[in-house]
Every structure is written in structure tokens, then in C-alpha cells.
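Let's walk through this structure together, one chain at a time. Have the viewer open and follow along as we go.

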Amino acid sequence: MAIRMEVEEKDGILIARVTEKRFDARVAPDFRQKLKERLEGKSKKLVLNLGAVEFLDSSGLGAIVSILKSLDSPGSMAICNDQGMVSYLFQFTRMNKVFLMVKSEEEALSKLSSDKESESQAEGATV
Amino acid sequence: MERINIRISCELEHIGLMGMAVNGICQRFPEDVSWKIELSVIEAITNVIKYACQYSPDKQVDLGLTIQGNQLKIVISDDGHSMDIARFEAGRVLDFDRVNASDLEEGGRGLGLIHSLMDEVDYQSDEGINQLILTKNMLAVAGDDA
């Protein structure tokens, strides 16, 4: 079943906003496939906005982990706007220690952009 | 005693409906308890649809929810393939300590979550009927800080 999700790219960072209220086994496979297609060979940084998600299960969580593992490093992905049971689940499973969890899209973009600048500077220094 | 029975066919399209029904029933409980009950039910129903009934729309899964005093009891029944008891028991131990992305598994958390979120979890299979029995004691709510 197709997941409702808005995806856009800003300054080389992919932003995915899940607009589905229930992120469960119905939509988890489509989420995984759609984002892997968008990330393939392109942006390797991702902001995942879960602000509209009211319910997340282990299938949804597994799909998010799958996307994280497809990126260059765990620091390449930030999750923002999580609330209610979604936040509880991340804390309960200690996934909040695995993912970079921030309050807003702006904060997520800022964190990922500053990492990007640091990387560029580091690359420049070695040339 | 209050009791409600809900039946859906074994299709993933219907798990949202089951979740919303359980969520509505659990509105009377504190939020830090209700989400655990709803999630446990959805994990259990998803497992039945995927593994016991293998997505067969001709099969059905039944949920019986009983509230008696301070105890909530949920029985999830199906007539699909029974679960390996070793797999059920292995689910009692869920490793939440993996904090490195490379060590993380993408799946296999469902049963472990159910064991962790509910107070008692039992499974029985008899004469072709499988039953997962989940119990939440509301007296334990105050001390439940997970």
C-alpha cells in the first residue's frame, strides 16, 4: 500500500515528510522502497519529519532503521517533530540513542548542513 | 466486567481499523499505558496476518478484550499456522542495548515489544486454534516508568 509522504531536496539534503497518521506494516515496505530510490546515487543526507505520524509500529521502525543503514553514517540522518507515542517508542526501544532526534526541520537541516560544511573543510584541508 | 469482540480478515489493510478501535477503547487509560496496549495488539495482529495466516483474506483473526476491575485482558485468536514455542520464548529477551546502527536488525522486534509492553504474555495452540493472551494490570500503572 502506498505511503503518503512529501519528499523534496534542499541544498543537497533530502527532506521526507510522512503525512500518514499510521506508519505500520501496511505502508512500511513502500516507505522503504520510495526513499531508497530517492537516495540512490544522490543525496546521502536525510531529514525525516514524523510530525503527522500518530502511530508507529515495529514494521515502521524497521523501515526507518533500514534507511539509516543505507546511508553513509548514522549522522547523515535526522528525525524531527516526533510526538506522542512515536516519541515514547523511540525512547522505549532506545532508538533515540541511535538516531539524531531534533525538534524541528530547521534544526535538522542546520545540524546536517554544519556536518556537511565540516566535511567540506576537512576534504579541502587534505587537498 | 466489560467485554468486546472484534474480528477482521487477515489483510494488512484492516490493521489500522483494529488499531483505531483499540485506541478508542483505551482512551480511559493514561496515555503512557494506552499506547502500549494499542501497539501490542497491532504487533500481535500483524504477526498473525504475516506468519500464521500468511496474508490469506479467507482467514480471520479475532480479538477479545475484557476489562475486569483493574485488569485488562486481550485474547487474539486465529486458526492459521501455530507459532514455534521456541520463537515465542525467545521473544521474551529483546536486546534494546544496541545503539550502533551497524548492529541493528531491521525486523524481528514485534514479539519482543509485546513481551516488554504487557505485564503477562501467554501463548497456546489447541485443536487448530492459536491464542495469544495479553494482560495489563492497571494497578501497576503508577510504577510503570518504561
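First, some ground rules. This is a predicted model, in which local features need pLDDT of at least 70 and side-chain atom pairs count only at pLDDT 80 or more, while totals for chains, interfaces and linings use all residues. Residues are numbered from 1 along each chain as its sequence is written, chains are lettered from A and ligands numbered from 1 in the order in which they are written, and side-chain values use heavy atoms, with hydrogens and water left out.

Let's begin with chain A. Its secondary structure amounts to four helices and seven strands; helices (H or I, at least four residues) and strands (E, at least two) are DSSP runs, numbered from the N terminus. Along the sequence, these elements follow the pattern β-β-β-α-β-β-α-β-α-β-α. Of the 127 residues of chain A, 50% count as buried, where buried means under 20% relative accessible area, exposed over 50% and partly exposed in between (1.4 Å probe, protein chains only). Among the contacts in chain A with a separation of 6 or more, 70% are between residues 24 or more positions apart; a contact means heavy atoms within 4.5 Å.

Now find strand 4 of chain A, residues 46-49. Two strands pair if DSSP finds at least two bridges between them. Strand 4 of chain A is joined by four bridges to strand 2 (residues 13-18) of chain A, and the two run parallel. Here A:Ile15 stands opposite A:Val47. Strand 4 of chain A also pairs with strand 6 (residues 77-80) of chain A, again in the parallel sense and over four bridges, with A:Leu46 opposite A:Met77. Which way do the side chains of strand 4 of chain A point? A:Leu46 and A:Leu48 point one way, A:Val47 and A:Asn49 the other way, and all are buried. In a regular strand the side chains alternate between the two faces of the sheet.

Next comes helix 1 of chain A, residues 28-39. The buried residues in helix 1 of chain A are A:Ala28, A:Asp30, A:Phe31, A:Leu35 and A:Leu39. They lie on the same side of helix 1 of chain A because they cover an arc of only 160° around the axis, the arc being that of the directions from the helix axis to the C-beta atoms. Their cover includes strand 1 (5-10), strand 2, strand 3 (22-23), strand 4 and helix 2 (58-70) of chain A. After helix 1 of chain A comes A:Gly41, whose phi is positive, near 70°.

Chain B has four helices and five strands, which run β-α-α-β-β-α-α-β-β from the N terminus on. Buried residues make up 48% of its 146 residues. The five strands form an open sheet in the order 1-2-3-5-4, with antiparallel pairing. Strand 1 (2-9) and strand 4 (120-126) of chain B are the edge strands, each pairing on one side only. Strand 1 of chain B is joined to strand 2 (residues 60-68) of chain B by eight bridges, and B:Ile6 has B:Leu63 as its bridge partner.

In strand 5 (residues 129-137) of chain B, look for B:Lys136. Is B:Lys136 buried or exposed? B:Lys136 counts as buried because its relative accessibility is 2%. The C-alpha atoms of B:Lys136 and B:Ile37 are separated by 8.0 Å, although the residues are 99 apart along the chain.

Where do the two chains come together around a helix? Helix 4 (residues 110-117) of chain B is mostly covered, with seven of its eight residues buried. These buried residues pack against helix 2 and helix 3 (84-92) of chain A, together with helix 2, helix 3 (85-90), strand 4 and strand 5 of chain B.

Finally, consider the cores. A nonpolar core is a set of buried Ala, Val, Leu, Ile, Met, Phe, Trp, Tyr and Cys residues joined through side-chain atoms within 4.5 Å. The largest has 77 residues, and A:Phe23, A:Phe31 and A:Ile64 have the most contacts inside it. Helix 2 (residues 31-52) of chain B gives this core its largest share, eleven residues.

Technical notes. The expected span of a helix is 1.5 Å times one less than its number of residues.
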